[in-house]
Amino acid sequence: MRTDHGGDWAGFYNQQGRMPLDFSASISPLGVPEGVQRAVRDAAARSDRYPDPKCRALRAALSEAEGVPIDRILCGNGAADLIYRIAFAARPRTGAVLDPSFSEYAAALSAAGCTEIRRIPLDPAWGVRLDEVFLDALTPDLDLLYLCQPNNPTGISIPMALFRRILERCRENGIRLGLDLCFLDFLEDPNTLDAKAFLDAYPNLVIFRAFTKLYAMAGLRLGYALCGDPAFLRSMDAAGPPWNVSLIAQEAGIAALRERAYVQSLRALIARERPRLREGLEALGLRTVPGEANFLLFQSPVPLDEPLRRRGILIRPCGSLSGPDTWWYRTAVRTETDNQILLRTLQEILREANPRWQTV
């Protein structure tokens with residue numbers, strides 16, 4: 001059983017008999033919106049029925065919210081479900097992912113029988129940003145590319161001018177592009193990097209998003225894909241079992257789309273707390289990547305995950321970036337109180353490793 005993701009509160013609880021303070025999963029710290037909670041309670045009484053296999057009401061609500069025709073929308077059991085469906089529908093021989101990036105992209109390629117998975121490195125030494133050199137990797141023998149905007153775990157976005165060139169190169173070379181926008185809404189101005197305006201011109205583009213992060217709905221499992229090629233969406237739909245989105249999740253998604261005040265409050269919190277947390281990490285002498293999402297990637301001279309775990313805090317190790325005597329971690333941005341607890345605990349751990357370590 002794979003356990004390489006954050007958010008494993010259950011494993012922690014089973015070991016320690018208490019709930020952790022979880023910085024390993026980058027989910028809204030405001031909790032499930034009240035309107036979503038009401039929708040869940042109301043839908044529970046109707047759970048003797050099968051869910052709508054076509055998610056008609058939810059897709060209609062998404063069509064209105066996104067300004068995309070309903071036949072360009074497919075709902076799924078979270079973004080992970082859609083990542084796999086893209087791979088199984090595309091049937092790639094050669095796929096590509098950034099390194100580091102979300103591990104499920106490569107896992108989906110492997111599960112779909114991809115014979116070659118290219119990992120395109122992002123080097124922390126030069127700021128983990130894509131540049132035009134990346135275009136050279138988009139060759140005609142590549143079938144499927146996964147990108148995340150902004151990238152996870154670096155939190156760095158792709159400038160729109162470069163993204164348009166990537167889109168064009170992918171179309172020229174017949175490359176299917178799976179674009180993960182699950183963290184887009186945490187940017188200061190997400191509309192400037194929203195790619196849905198390209199769906200008609202680039203039918204090879206598949207955008208996928210989830211309700212997981214923005215609405216703290218990780219346990220409900222709900223996501224959706226947008227694509228200008230309805231035939232490819234039908235192939236994605238056929239690539240997995242029916243009834244993959246529960247009745248409760250569908251009703252919760254419709255309710256979440258009405259939670260505009262909640263989203264505004266959350267984005268204001270992240271915009272306020274992200275720079276504060278970054279300053280706190282750097283005041284501890286920890287090198288931090290200047291991310292734009294609701295998490296931060298930082299480097300430590302000592303291992304942190306187990307010492308934090310013993311103190312009741314979960315964090316996300318990013319082992320693929322680690323070298324000798326250095327460790328990289330991703331931490332969620334939470335409330336001011338939670339963030340201060342993390343910083344004080346990190347200071348305690350660093351002082352134990354070196355009593356003369358600088359303090360906050």
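The model is predicted, so local features need pLDDT of at least 70 and side-chain atom pairs count only at pLDDT 80 or more, while totals for chains, interfaces and linings use all residues. Residues are numbered from 1 along each chain as its sequence is written, and side-chain values use heavy atoms, with hydrogens and water left out.

I start with strand β8, residues 223–227. Helices (H or I, at least four residues) and strands (E, at least two) are DSSP runs, numbered from the N terminus. Is β8 buried or exposed? Five of its five residues are buried, so the strand is largely enclosed by the rest of the structure. Buried means under 20% relative accessible area, exposed over 50%, and partly exposed in between, with a 1.4 Å probe and protein chains only. In a regular strand the side chains alternate between the two faces of the sheet. In β8, G223, A225 and C227 are on one side, Y224 and L226 are on the other, and both faces are covered.

Now its partners. Two strands pair if DSSP finds at least two bridges between them. Strand β2, residues 73–76, pairs with β8 in the antiparallel sense over four bridges, and G76 stands opposite G223. Strand β7, residues 205–210, also pairs antiparallel with β8, over five bridges; there R209 has Y224 as its bridge partner.

Next, the open sheet. Its four strands run in the order β9-β10-β13-β12, with antiparallel pairing. The edge strands, β9 (287–289) and β12 (316–317), each pair on one side only. Between β9 and β10 (residues 295–300) there are three bridges, and V289 stands opposite L297.

Helix α9 lies across β9, β10 and β13, at about 5 degrees to β10. Axes are lines fitted to C-alpha atoms, for helices over the stretch in contact, and angles run from 0 to 180 degrees between N-to-C directions.

Last, Y329, which is found in β13, residues 327–332. At 2% relative accessibility, Y329 counts as buried. Leaving aside neighbours within four places in sequence, Y329 is in contact (heavy atoms within 4.5 Å) with residues including L296, F298, V302 and D305. Which side chain makes a polar contact of 3.2 Å with that of Y329? The partner is D305. A polar contact is a pair of N or O atoms within 3.5 Å; within protein, one must be able to donate a hydrogen and the other to accept it, and residues adjacent in sequence count only if both atoms are side-chain atoms.
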